[in-house]
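This report describes one protein model and its ligand, with cut-offs given for each term. It begins with a loop residue and then turns to the ligand, a few other sites and the overall figures.

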Amino acid sequence: MSTKHYDIVIAGGGMIGTSLAIALAPLGLRVAMVEAIPRKAAAQPSFDDRSTALSRSTQRMFEAMGLWPRIVAASTPIRSIHVSDQGRFGFSHIDAEEQEVEALGYVVINRVLGAVLQDALDALDCVEVICPARITAIELAPGGASAVLDLEEGKQRSLSSDLLIAADGANSAVREMMGITAQKSSYGQRAVIGNLLPEKDIENVAYERFTRHGPLAVLPIADGRAAFVWTVSEDDAERVMALGDDAFLAELQEQFGFRLGAFSKVGKRASYPLVLSKALRLTATRSVLIGNSAHGLHPVSAQGFNLGMRDVAAIVDCIADASVWSQSSEASDSDPAAIAAMLEQYASWRRADQKKLVRFTDGLVKLFGSERRPLRVLRNIAMLGFDLVPGVRSVFAKHTMGLAGRLPRLSRGVPVK
Ligand SMILES: Cc1cc2nc3c(=O)[nH]c(=O)nc-3n(C[C@H](O)[C@H](O)[C@H](O)COP(=O)(O)OP(=O)(O)OC[C@H]3O[C@@H](n4cnc5c(N)ncnc54)[C@H](O)[C@@H]3O)c2cc1C
């Protein structure tokens, strides 16, 4: 087996791996991206029928990467977020106008975002996409990283690189091969997703409704339709998925209420297990975790992809500043100590943001999912505080938009080179 050498190998070409490959392009490095599932296959797990709410910081990144005009043309702006608690009077809302921004975020269908990213990737000479190929073994040593790939028809290939970046999702096999444990806890819930037609115009409002069973999000998408992410208990998920369209809509309507009139014309449904996962470390020798391989969140606050994009922005910043590859040659000549220092810088930068988001989303699920009296009282205070305490809404909005804390260049909309 011959071994080709790259500066960087990205394991996983989902939403995060592909975005990283594009973001690295201006640095002129030799990059390979290895993806297990062909991009147009129905089984492609990243670019599927889900909708993703892109935060402001992700928008700025795509602007800096020159992709925003195509993404915004296929997205729907969120001008206001409406938060309510089922069975309780009143609600809270955040407005784009009040926050002095054009939109609080944009909703895009993953498949559509995937097509834009894949086209951009196809236009790059400096990234070699190896797909379908699955990384099945790695070796990490101070001198470099190597990987064995399973190709089609039982063939194999090997690669070596100065740096291996794992973006292979929540069940990351590469993370395990790096010797990093992820702490996982199931929420005992599944997210049922799909889209429908509300009777009333959704008017660019994103609804987050906390129900007895878990959160329900209804988001504006194209053609007057709305995407939903409905959290149901694991025990009930099979029954809910098997319901006929009318019965399904009736149950969903019961949870959401009639704020948008009657729901009709539900599209294809899919469901996802909800698990909180946190990698106990972010780096190993010559390797680093980003995106869902580092952290898997409950979709309640629509932050998983956005958080992963901040990982992308930070690792690109660290790589750009480290000048590790200034003497690039056919073989690895990067200084192990310089790579280790760069990875340590990355890890210490990202730890706080990741921890904060994990705590925030997990806290929301627990606060609003419990019928225990102290938590009920606390969430009433939280809802009230949200509206009454000056600045609380603004701080919440900043986190939702991904603009809190120290931001890397791309997250500020500044091209990396
Ligand atoms: C219902 C739902 C709604 C969501 N809504 C939002 C939202 O509104 N906003 C938001 O920010 N986030 C949202 N998220 C989270 C978001 O979808 C994820 O954070 C994001 O998809 C993570 O992308 P990723 O590329 O890290 O991982 P993945 O999407 O899992 O991609 C991993 C890729 O790696 C490939 N792969 C795996 N193993 C290997 C291997 N050994 N070799 C090669 N390739 C491999 C896979 O085929 C896949 O393409 C939502 C999640 C869910 C479940």
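Pro132 sits in the loop that connects β8 (127-130) to β9; helices (H or I, at least four residues) and strands (E, at least two) are DSSP runs, numbered from the N terminus. The peptide bond from Cys131 to Pro132 is cis, and its omega is near 0 degrees. Not counting residues up to four places away in sequence, Pro132 touches Glu35, Ala36, Pro38, Asp150, Leu151 and Glu152, where contact means heavy atoms within 4.5 Å.

The model is predicted: local features need pLDDT of at least 70, side-chain atom pairs count only at pLDDT 80 or more, and totals for chains, interfaces and linings use all residues. Residues are numbered from 1 along each chain as its sequence is written, and side-chain values use heavy atoms, with hydrogens and water left out.

**Ligand site**

Which residues are the closest to the ligand? They are Glu35, Ser46, Ala53, Asn292 and Phe305, out of 32 residues that surround the ligand; a residue counts as near if one of its heavy atoms lies within 4 Å of the molecule. The shell divides into 16 nonpolar, 12 polar and four charged residues. In this division Ala, Val, Leu, Ile, Met, Phe, Trp, Tyr, Cys and Pro are nonpolar, Asp, Glu, Lys and Arg are charged, and the others, Gly among them, are polar. At least two shell residues come from each of α1 (15-24), β3 (51-54), β9 (134-141), β12 (182-198) and α8 (304-322).

| Residue (backbone atom) | Ligand atom | Distance |
|---|---|---|
| Ile16, backbone N or O | oxygen | 3.0 Å |
| Ala53, polar backbone atom | oxygen | 2.8 Å |
| Ile135, polar backbone atom | nitrogen | 3.1 Å |

On its own the ligand has 1000 Å² of accessible area, and the protein covers 91% of that. Accessible areas come from the Shrake-Rupley method with a 1.4 Å probe; for residues, only the protein chains shown count as cover.

Is Asn110 buried or exposed? Asn110 counts as buried because its relative accessibility is 1%; buried means under 20% relative accessible area, exposed over 50%, and partly exposed in between (1.4 Å probe, protein chains only). Asn110 belongs to helix α4 (residues 110-122). Its contacts, leaving aside neighbours within four places in sequence, are Met15, Ser46, Phe47, Asp48, Arg50, Ser51 and Thr52.

Asp168 is placed in the loop between β11 and α5 (173-177). With a relative accessible area of 26%, Asp168 is partly exposed. The side chain of Asp168 makes a polar contact of 2.5 Å with the side chain of Ser172, and a polar atom of the Asp168 side chain lies 3.1 Å from the backbone nitrogen of Ala173. Beyond four places in sequence, Asp168 touches Ala11, Gly12, Ala173, Val174 and Ser293. Asp168 and Gly12 are 156 residues apart in sequence, yet their C-alpha atoms are 4.3 Å apart.

**Positive phi in loops**

Glu153 is not a glycine but has a positive phi of about 55 degrees. This residue is in the loop between β10 (144-150) and β11 (156-166), and Glu153 counts as exposed because its relative accessibility is 73%. Glu203, also not a glycine, has a positive phi of about 50 degrees. The loop that holds Glu203 runs between β12 and β13 (205-210), and Glu203 is exposed, at a relative accessible area of 55%.

**Overall figures**

The protein contains 11 helices and 20 strands. Of its 417 residues, 54% are buried. Contacts between residues at least 6 apart in sequence join residues at least 24 apart in 73% of cases. The protein exposes about 18000 Å², of which carbon and sulfur atoms supply 53%.

The mean pLDDT, the predictor's confidence in each residue from 0 to 100, is 88 for the protein, and 88% of its residues reach 70 or more. Residues 384-389 have pLDDT below 50, and this stretch has 11 contacts in the model beyond near neighbours in sequence.

Definitions and conventions. Polar contact = N/O pair within 3.5 Å; in protein donor to acceptor, adjacent residues only side chain to side chain.
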